[in-house]
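Please look over the sequence and structure before reading on.

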Amino acid sequence: MGSVFLPHLNSGWHVDQAILSEDERLVVIRFGRDWDKDCMLMDELLYEITPLVSNFAVVYLCDIDKVPDFNEMYELYDPMTVMFFHKNKHMMCDFGTGDNNKLNFVMTDKQELIDVIETVYRGAVKGKGLVISPVQYTRRS
Amino acid sequence: MSLDQALLDDLDSDFGSSDEQQQELQETEVDTNNIGQIQGIEEEQEKDQLNQPSSTTFIPLDRIQIDQIQDITDHTAVSTKLQPVLSQIHQYLSNKFVSKQEESQFLITVNALSLEITNEIIIIHNFIKLRYQKRYPELETLVPNAIEYAKLVQIFGNELKINEDSLYFLGKEKLLMLTMSTHQAQTAGTNLTETQLTQLNKACELLISLEESKRQLLSYISDRLTVLAPNLTAIVGPTVSSQLITILGGLEGLAKTPSCNIPSLGSKSTVGSLTFGRSGSTSLVNEGYLFHSDLVQDMDPSFRKQAMRMIAGKVILAARIDFSGSIPDGSQGLKWRKEVESKVEKLGEAPENSKIKALPVPKDMKAKKRAGRKVRKLKAKFELSELRKAQNVMMFGQRENTVTDAYGEEIGLGITNGNMAKIPVNVNNKAKVTKNMKGRLEKSRIEGKLTEDIFNQDFINLPAVPSVSQGKKQ
């Protein structure tokens, strides 16, 4: 349900504008497909936290089939990817997954996601390009 | 007021015009008389014998056993009382100059009478039902209304023929239902004897005439109460206000009653037989006069208790206003009624959705300073003075000097020992004056001197004006 209420970015231009126009807040974009199971789960979570983090982050959704412009540049090959931008700068975060560029796994806990966004925002405000996630998501096998 | 008027209108429309009804009544009376004459003398004698004890020793209606009496018209206490009251009403209505006190007393009797009539109507209704059950047992469930029932009994008699023109007072659906079940009843049931029929007819007549006079009384009450207690009637309507006034013996009594007593007035526990609401109901709410007012009845049942408490408060205030007669147009009562209505409406509204509060921006605060030159200076300001420090130290093996303070507590002096000259004075905690403050102090000092000069001048002997103006210019 979350994907219905969250704003969608329908073209590359929209994505650019969303990232460019936000001066203070963190821009969180979920790349994926609305009908995908992972995306659905993540959208629900994002929808729930959006009003809570509205002071320092804004959440958008982007369909990678409709808007394929960034697929190659950001290597959007996973079914669900969440990326962070601040003042037109891509923010990296060390989740312990090996991919610091994006969040490509489904989270289940609201507070954890809020913590991640807060941490990224803190780092972005301080001018850092890479932050370390408060929780490590190294795959336990 | 409005409800009452509406009810009266309903009654009117149900009954058709009163003239018509009267005519009808007269006709039935004539009929019954004829039948009575045709009947043998024996039966009449029988009737007389049966009636004799009741007519010699009058038994009020509410105590008699309905199934034992033959003719209920001999037992009505109300109809004798009714005539003088009705004539007095006419007198009052035509005469404009009646003292308020007198009329309010009369209103109370009228109101009490209307209550009695209501009781009596119920009893007569029961009487008719009991008799007519033999002929048409379903009728009482089909037509619960006492007046309609009585009219139907008069029309049906033993024949049970449906003539749609004479049943104009029933609704279409009711008529249909009645037609269907009457067809069945025509063959079933036992026919009543002629005497029984005459008695029934008499009872029906009595019931209808009682209803008519009750209507007159009520219209009089509602008419006059708007003059006597305009604010009160504006809140709860004429019926309830008349009931409240009556039970408390006048407007003065009502004005003196605390509001918490109002809801219980007229409820079963307090007045016994006077109320006739649902029987055997165990409600937590006091179902008194106030409960049956239209204002309370229109409300959601869950708010009635609260609403009654509110209304009771306003009723008392309105009664006091009316007693003093300060607001004769009832505007205050109307205002209060609206206030209560809006309050109850607000009670029913769903609680507002609480908005989700957004988290604060995670800004990193500056760390607290715990050392450094400035912090050291600040701390020094609040340090213990040397004297206090000395007071806390004791010489070994020597007796400490002590002082008793104002509260009688003994305070040790430590090594201060009275000779304070040796102990250095703490300079750190002296009040510091900023540069700005110094300037301001200096300025005020000069001005203070000037004013001092003015006050010290000898206004009597010297031409002091130039010096004062000089000072001001400076």
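Two strands count as paired if DSSP finds at least two bridges between them. The model described here is predicted.

## Strand β4 of chain A and its partners

β4(A) and β5(A) make a hairpin, with two residues between the strands. A:K87, in the turn, has a positive phi of about 50°. The two strands run antiparallel and are joined by three bridges, β5(A) covering residues 89–94. Within this pairing, A:F84 has A:M91 as its bridge partner.

β4(A) is also joined to strand β2 of chain A, residues 26–32, by seven bridges, and this pair runs antiparallel. Here A:F85 of β4(A) stands opposite A:V27.

## Burial of the strand

β4(A) spans residues 80–86, and seven of its seven residues are buried. A:M80, A:V82, A:F84 and A:H86 point one way from the strand, while A:T81, A:M83 and A:F85 point the other way.

## The interface of chain A and chain B

Ten residues from chain A and eight residues from chain B take part in the contact. About 860 Å² is buried between the chains, with carbon and sulfur atoms giving 65% of that area. On the side of chain A, the residues that lose the most area are A:L52, A:N55 and A:R122, which together make up 49% of what that side buries.

Two salt bridges are found across the interface. One of them links A:R122 with B:D364, whose closest N and O atoms are 2.8 Å apart. Four residue pairs are in polar contact between the chains. On the chain A side, α3 (37–53) and α4 (110–125) are the elements that give two or more residues. The largest share, four residues, comes from α4(A). By type, that side divides into five nonpolar, two polar and three charged residues.

Methods: Residues numbered from 1 in each chain as written. Chains lettered and ligands numbered in written order. Predicted model: local features only at pLDDT ≥ 70, side-chain atom pairs only at ≥ 80, totals over all residues. Heavy atoms only, no water. Contact = heavy atoms within 4.5 Å. Buried area = accessible area lost by both parts, 1.4 Å probe. Salt bridge = Lys/Arg side-chain N within 4 Å of Asp/Glu carboxyl O. Polar contact = N/O pair within 3.5 Å; in protein donor to acceptor, adjacent residues only side chain to side chain. Nonpolar A, V, L, I, M, F, W, Y, C, P; charged D, E, K, R; others polar. Buried < 20%, exposed > 50% of the residue type's maximum accessible area, 1.4 Å probe, protein only.
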